Amino acid sequence: PDLMIQVQDLSKVFDIRGSVPWKSTPFTAVDSVSFDLERGTTTAIVGESGSGKSTVAQMVLKLLEPTSGRVLFEGKDITTYQGAELKQLRRRLQPVFQNPYGSIDPTYSIFRTIEEPLRLHGVTKHSEREARVRQLLDQVSLPAATMQRYPNELSGGQRQRVAVARALALRPDVLVLDEAVSALDVLVQDQVLKLLGDLQDELDLSYIFITHDLAVVRQIADDVMVMEHGKVVEHARTEQVFTDPQQEYTRRLLEAIPGRGITLGAGG
Ligand code: ADP
(Lines give C-alpha, C1' and ligand atoms only; values in the text may rest on other atoms or scores of the structure.)
Protein backbone atom coordinates (compact mmCIF):
# COMPACT_ATOMS: atom_id res chain seq x y z
CA PRO A 1 0.00 0.00 0.00
CA ASP A 2 1.42 3.44 -0.76
CA LEU A 3 2.09 5.80 2.06
CA MET A 4 0.60 9.24 1.54
CA ILE A 5 1.80 10.82 4.75
CA GLN A 6 4.40 9.89 7.33
CA VAL A 7 4.54 11.88 10.52
CA GLN A 8 7.84 11.25 12.26
CA ASP A 9 8.55 12.19 15.85
CA LEU A 10 6.73 15.49 15.46
CA SER A 11 6.81 17.99 18.32
CA LYS A 12 5.64 21.55 18.82
CA VAL A 13 6.70 23.75 21.71
CA PHE A 14 4.98 27.11 22.17
CA ASP A 15 6.41 29.93 24.23
CA ILE A 16 3.69 30.99 26.62
CA ARG A 17 4.03 34.51 27.92
CA GLY A 18 3.03 34.82 31.55
CA SER A 19 2.25 37.83 33.70
CA VAL A 20 5.86 38.97 33.49
CA PRO A 21 6.32 40.31 29.94
CA TRP A 22 10.03 39.43 29.56
CA LYS A 23 9.59 35.86 30.75
CA SER A 24 8.07 33.02 28.79
CA THR A 25 7.57 29.37 29.60
CA PRO A 26 7.91 26.64 27.00
CA PHE A 27 4.76 24.56 26.60
CA THR A 28 4.84 21.28 24.69
CA ALA A 29 1.57 21.08 22.74
CA VAL A 30 2.64 18.10 20.61
CA ASP A 31 5.14 15.61 21.97
CA SER A 32 6.90 13.13 19.63
CA VAL A 33 3.90 12.12 17.54
CA SER A 34 4.40 9.57 14.77
CA PHE A 35 1.94 7.89 12.42
CA ASP A 36 1.51 6.81 8.79
CA LEU A 37 -1.44 7.44 6.50
CA GLU A 38 -1.92 4.94 3.66
CA ARG A 39 -3.68 5.83 0.43
CA GLY A 40 -7.42 5.31 0.53
CA THR A 41 -7.59 4.97 4.31
CA THR A 42 -8.66 7.09 7.28
CA THR A 43 -6.65 7.72 10.39
CA ALA A 44 -8.67 9.35 13.17
CA ILE A 45 -7.00 11.56 15.76
CA VAL A 46 -9.10 11.65 18.90
CA GLY A 47 -8.63 13.42 22.20
CA GLU A 48 -10.12 16.00 24.48
CA SER A 49 -9.93 19.69 23.71
CA GLY A 50 -6.35 20.92 24.08
CA SER A 51 -4.72 17.52 23.51
CA GLY A 52 -2.80 18.81 20.48
CA LYS A 53 -4.87 17.44 17.57
CA SER A 54 -5.20 20.71 15.64
CA THR A 55 -1.56 21.52 16.15
CA VAL A 56 -0.67 18.19 14.51
CA ALA A 57 -3.08 19.01 11.65
CA GLN A 58 -1.54 22.45 11.14
CA MET A 59 1.95 20.98 10.92
CA VAL A 60 0.79 18.31 8.45
CA LEU A 61 -0.80 21.07 6.36
CA LYS A 62 2.42 23.07 6.61
CA LEU A 63 0.58 25.98 8.17
CA LEU A 64 2.78 25.71 11.26
CA GLU A 65 6.48 24.81 11.48
CA PRO A 66 7.35 21.89 13.78
CA THR A 67 9.81 22.46 16.62
CA SER A 68 11.27 19.04 15.79
CA GLY A 69 10.44 16.00 13.73
CA ARG A 70 9.12 16.00 10.20
CA VAL A 71 6.23 15.32 7.87
CA LEU A 72 6.73 13.37 4.65
CA PHE A 73 4.27 13.61 1.76
CA GLU A 74 4.68 10.63 -0.57
CA GLY A 75 8.09 10.08 0.96
CA LYS A 76 9.32 13.66 0.60
CA ASP A 77 10.02 15.96 3.52
CA ILE A 78 7.65 18.95 3.23
CA THR A 79 9.85 21.16 5.47
CA THR A 80 11.81 22.51 2.52
CA TYR A 81 8.82 22.83 0.17
CA GLN A 82 8.39 26.25 -1.39
CA GLY A 83 7.23 27.84 -4.62
CA ALA A 84 5.71 25.40 -7.12
CA GLU A 85 6.22 22.42 -4.81
CA LEU A 86 4.37 24.12 -1.99
CA LYS A 87 1.57 25.15 -4.34
CA GLN A 88 1.26 21.53 -5.45
CA LEU A 89 1.17 20.39 -1.80
CA ARG A 90 -1.59 22.94 -1.09
CA ARG A 91 -3.55 21.50 -4.01
CA ARG A 92 -3.15 17.84 -3.07
CA LEU A 93 -3.65 18.26 0.68
CA GLN A 94 -6.87 20.09 1.56
CA PRO A 95 -8.28 21.07 4.95
CA VAL A 96 -11.97 20.91 5.92
CA PHE A 97 -12.71 22.67 9.18
CA GLN A 98 -15.55 22.49 11.69
CA ASN A 99 -16.99 25.85 10.92
CA PRO A 100 -17.46 25.97 7.17
CA TYR A 101 -17.36 29.78 7.48
CA GLY A 102 -13.66 29.27 8.13
CA SER A 103 -13.26 28.23 4.51
CA ILE A 104 -16.37 29.73 2.90
CA ASP A 105 -17.09 33.43 2.66
CA PRO A 106 -20.73 34.25 3.58
CA THR A 107 -20.85 36.98 0.92
CA TYR A 108 -19.93 34.55 -1.89
CA SER A 109 -22.56 32.59 -3.79
CA ILE A 110 -22.10 28.81 -3.63
CA PHE A 111 -20.90 28.91 -7.24
CA ARG A 112 -18.22 31.46 -6.39
CA THR A 113 -17.28 29.53 -3.25
CA ILE A 114 -16.63 26.29 -5.12
CA GLU A 115 -15.10 27.78 -8.28
CA GLU A 116 -12.64 30.04 -6.43
CA PRO A 117 -9.86 27.44 -6.05
CA LEU A 118 -10.24 26.58 -9.75
CA ARG A 119 -9.86 30.25 -10.68
CA LEU A 120 -6.85 30.65 -8.40
CA HIS A 121 -5.24 27.60 -9.99
CA GLY A 122 -5.57 28.85 -13.53
CA VAL A 123 -8.83 27.38 -14.85
CA THR A 124 -9.58 30.50 -16.88
CA LYS A 125 -12.62 29.36 -18.87
CA HIS A 126 -15.89 30.14 -17.09
CA SER A 127 -17.72 27.30 -18.86
CA GLU A 128 -15.08 24.85 -17.67
CA ARG A 129 -15.38 26.05 -14.08
CA GLU A 130 -19.16 25.87 -14.24
CA ALA A 131 -19.10 22.31 -15.55
CA ARG A 132 -16.73 21.33 -12.74
CA VAL A 133 -18.88 23.04 -10.08
CA ARG A 134 -21.92 21.09 -11.36
CA GLN A 135 -19.97 17.86 -11.11
CA LEU A 136 -18.75 18.69 -7.60
CA LEU A 137 -22.26 19.57 -6.38
CA ASP A 138 -23.44 16.25 -7.79
CA GLN A 139 -20.61 14.43 -5.99
CA VAL A 140 -21.66 15.89 -2.64
CA SER A 141 -25.35 15.19 -3.42
CA LEU A 142 -26.52 18.79 -3.69
CA PRO A 143 -28.81 19.94 -6.53
CA ALA A 144 -27.20 22.03 -9.27
CA ALA A 145 -29.49 24.94 -8.35
CA THR A 146 -27.55 25.27 -5.06
CA MET A 147 -25.03 27.20 -7.15
CA GLN A 148 -27.11 30.35 -7.09
CA ARG A 149 -27.68 30.30 -3.35
CA TYR A 150 -25.75 31.84 -0.45
CA PRO A 151 -24.27 30.08 2.59
CA ASN A 152 -26.81 31.54 5.05
CA GLU A 153 -29.66 30.04 2.99
CA LEU A 154 -28.33 26.52 3.57
CA SER A 155 -28.54 24.14 6.53
CA GLY A 156 -25.40 23.26 8.49
CA GLY A 157 -25.16 19.91 6.73
CA GLN A 158 -25.56 21.50 3.29
CA ARG A 159 -22.90 24.09 4.13
CA GLN A 160 -20.52 21.34 5.18
CA ARG A 161 -21.19 19.58 1.84
CA VAL A 162 -20.29 22.83 0.07
CA ALA A 163 -17.06 23.02 2.09
CA VAL A 164 -16.26 19.45 1.02
CA ALA A 165 -17.06 20.27 -2.64
CA ARG A 166 -14.73 23.25 -2.46
CA ALA A 167 -11.99 21.12 -0.90
CA LEU A 168 -12.39 18.56 -3.71
CA ALA A 169 -12.31 21.13 -6.52
CA LEU A 170 -8.60 20.69 -7.27
CA ARG A 171 -8.74 16.88 -7.05
CA PRO A 172 -6.73 16.46 -3.86
CA ASP A 173 -5.39 13.16 -2.55
CA VAL A 174 -5.65 13.89 1.16
CA LEU A 175 -8.28 15.71 3.23
CA VAL A 176 -7.48 16.88 6.74
CA LEU A 177 -10.89 17.05 8.40
CA ASP A 178 -10.67 18.98 11.67
CA GLU A 179 -13.92 18.57 13.67
CA ALA A 180 -15.65 18.58 10.27
CA VAL A 181 -18.90 17.03 11.54
CA SER A 182 -18.76 18.17 15.18
CA ALA A 183 -21.18 21.08 14.83
CA LEU A 184 -23.86 18.94 13.17
CA ASP A 185 -26.82 17.02 14.63
CA VAL A 186 -26.24 13.30 15.00
CA LEU A 187 -28.45 12.39 12.01
CA VAL A 188 -26.78 14.95 9.76
CA GLN A 189 -23.39 13.78 11.04
CA ASP A 190 -24.25 10.27 9.84
CA GLN A 191 -25.18 11.57 6.38
CA VAL A 192 -21.96 13.57 6.02
CA LEU A 193 -19.88 10.63 7.30
CA LYS A 194 -21.60 8.37 4.77
CA LEU A 195 -20.85 10.93 2.03
CA LEU A 196 -17.19 11.10 3.09
CA GLY A 197 -16.98 7.30 3.01
CA ASP A 198 -18.50 7.15 -0.49
CA LEU A 199 -16.18 9.90 -1.76
CA GLN A 200 -13.19 8.08 -0.30
CA ASP A 201 -14.07 4.92 -2.23
CA GLU A 202 -14.90 6.77 -5.42
CA LEU A 203 -11.87 9.08 -5.47
CA ASP A 204 -9.34 6.97 -3.54
CA LEU A 205 -8.95 9.73 -0.96
CA SER A 206 -7.00 9.50 2.28
CA TYR A 207 -8.32 11.22 5.39
CA ILE A 208 -6.88 12.50 8.62
CA PHE A 209 -10.07 12.78 10.63
CA ILE A 210 -9.79 14.87 13.78
CA THR A 211 -12.44 14.91 16.47
CA HIS A 212 -12.91 15.21 20.22
CA ASP A 213 -15.82 12.77 19.84
CA LEU A 214 -14.73 9.14 19.72
CA ALA A 215 -18.30 8.10 18.84
CA VAL A 216 -18.15 9.49 15.29
CA VAL A 217 -14.95 7.70 14.24
CA ARG A 218 -16.27 4.13 14.36
CA GLN A 219 -18.08 4.60 11.07
CA ILE A 220 -15.24 6.22 9.17
CA ALA A 221 -11.81 5.38 10.57
CA ASP A 222 -9.55 2.45 9.74
CA ASP A 223 -7.37 3.23 12.72
CA VAL A 224 -7.62 5.54 15.70
CA MET A 225 -4.86 7.49 17.38
CA VAL A 226 -5.77 8.71 20.85
CA MET A 227 -3.97 11.81 22.13
CA GLU A 228 -3.68 13.24 25.63
CA HIS A 229 -1.57 16.26 26.61
CA GLY A 230 0.24 16.24 23.26
CA LYS A 231 1.20 12.55 23.42
CA VAL A 232 -0.16 9.50 21.64
CA VAL A 233 -1.57 7.23 24.34
CA GLU A 234 -2.96 4.54 22.03
CA HIS A 235 -2.98 3.87 18.28
CA ALA A 236 -4.77 0.81 16.96
CA ARG A 237 -7.30 -0.51 14.45
CA THR A 238 -10.71 1.04 15.02
CA GLU A 239 -12.42 -2.20 16.07
CA GLN A 240 -9.65 -2.90 18.54
CA VAL A 241 -10.02 0.52 20.12
CA PHE A 242 -13.78 0.06 20.53
CA THR A 243 -13.79 -3.55 21.67
CA ASP A 244 -10.51 -3.97 23.49
CA PRO A 245 -8.91 -0.64 24.39
CA GLN A 246 -5.48 -1.04 25.94
CA GLN A 247 -5.32 2.22 27.86
CA GLU A 248 -7.32 3.51 30.79
CA TYR A 249 -7.59 6.91 29.10
CA THR A 250 -9.19 5.36 25.99
CA ARG A 251 -11.64 3.45 28.20
CA ARG A 252 -12.67 6.71 29.83
CA LEU A 253 -13.31 8.30 26.43
CA LEU A 254 -15.41 5.27 25.45
CA GLU A 255 -17.42 5.46 28.64
CA ALA A 256 -18.21 9.09 27.91
CA ILE A 257 -20.07 8.07 24.74
CA PRO A 258 -23.79 8.13 25.55
CA GLY A 259 -25.28 4.65 25.50
CA ARG A 260 -21.92 3.01 24.84
CA GLY A 261 -20.40 2.85 28.29
CA ILE A 262 -22.64 -0.07 29.12
CA THR A 263 -21.00 -2.25 26.44
CA LEU A 264 -17.70 -2.21 28.28
CA GLY A 265 -16.61 -4.79 30.81
CA ALA A 266 -16.34 -4.15 34.54
CA GLY A 267 -12.66 -3.36 34.33
CA GLY A 268 -13.32 -0.24 32.24
P1 ADP B 1 -6.93 20.35 20.21
O2 ADP B 1 -6.99 20.52 18.74
O3 ADP B 1 -6.71 18.92 20.62
O4 ADP B 1 -8.09 20.95 20.94
P5 ADP B 1 -4.72 22.21 20.05
O6 ADP B 1 -3.76 21.56 19.14
O7 ADP B 1 -5.59 23.27 19.47
O8 ADP B 1 -5.62 21.10 20.75
O9 ADP B 1 -3.96 22.84 21.28
C10 ADP B 1 -3.06 22.09 22.08
C11 ADP B 1 -2.51 22.97 23.15
O12 ADP B 1 -1.63 23.93 22.58
C13 ADP B 1 -3.57 23.76 23.92
O14 ADP B 1 -3.21 23.80 25.27
C15 ADP B 1 -3.50 25.12 23.28
O16 ADP B 1 -3.88 26.12 24.20
C17 ADP B 1 -2.04 25.23 22.92
N18 ADP B 1 -1.82 26.10 21.75
C19 ADP B 1 -2.32 25.91 20.50
N20 ADP B 1 -1.90 26.87 19.67
C21 ADP B 1 -1.13 27.71 20.40
C22 ADP B 1 -0.39 28.91 20.11
N23 ADP B 1 -0.37 29.43 18.88
N24 ADP B 1 0.29 29.48 21.12
C25 ADP B 1 0.29 28.95 22.35
N26 ADP B 1 -0.37 27.83 22.69
C27 ADP B 1 -1.07 27.22 21.74
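D31 has a relative accessibility of 24% and therefore counts as partly exposed; the class runs between buried, under 20% relative accessible area, and exposed, over 50% (1.4 Å probe, protein chains only). The model is predicted: local features need pLDDT of at least 70, side-chain atom pairs count only at pLDDT 80 or more, and totals for chains, interfaces and linings use all residues. Residues are numbered from 1 along each chain as its sequence is written, and side-chain values use heavy atoms, with hydrogens and water left out.

The side chain of D31 meets that of K231 in a salt bridge, at 3.1 Å from N to O. A salt bridge is a side-chain nitrogen of Lys or Arg within 4 Å of a carboxyl oxygen of Asp or Glu. This pair links distant parts of the chain. D31 belongs to strand β2 (residues 24–38), K231 to strand β10 (residues 231–237), and 200 residues separate the two. K231 is partly exposed, because its relative accessibility is 45%.

The protein as a whole has nine helices and ten strands. These are DSSP runs, numbered from the N terminus (helices H or I, at least four residues; strands E, at least two). The radius of gyration is 19 Å. A compact globule of 268 residues would have a value near 18 Å, so the two agree. The radius is taken over C-alpha atoms, and the globule rule is 2.2 Å times the number of residues to the power 0.38. Along the principal axes, the C-alpha atoms fill a box of roughly 60 × 50 × 45 Å. Of the 268 residues, 47% count as buried. Among contacts (heavy atoms within 4.5 Å) between residues at least 6 apart in sequence, 65% join residues at least 24 apart.

Charges were examined next. The protein carries 30 positive and 36 negative charges, whose mean positions are 7 Å apart. Lys and Arg count as positive, Asp and Glu as negative; His and the chain ends are not counted. Each charge is placed at NZ of Lys, CZ of Arg, CG of Asp or CD of Glu. The structure holds 17 salt bridges.

One of these joins R119 and E115, with the closest N and O atoms 2.9 Å apart. Both residues lie in helix α3 (residues 110–120), four residues apart, about one turn of the helix. R119 is partly exposed, with a relative accessible area of 36%. E115 has 5% relative accessibility and so counts as buried. Salt bridges that share partners also join D2, R39, E74, R92 and D173 into one network. In a further pair, the side chains of R70 and D77 meet at 3.9 Å, N to O. R70 is partly exposed at 35%, and D77 is partly exposed at 25%.

Helix α3 also holds P117. P117 is buried, at 11% relative accessibility. Leaving aside neighbours within four places in sequence, P117 is in contact with R166, A169 and L170.

Q189 is found in helix α6 (residues 186–203). Q189 is buried, with a relative accessible area of 8%. Not counting residues up to four places away in sequence, Q189 touches V181, S182, L184 and V216.
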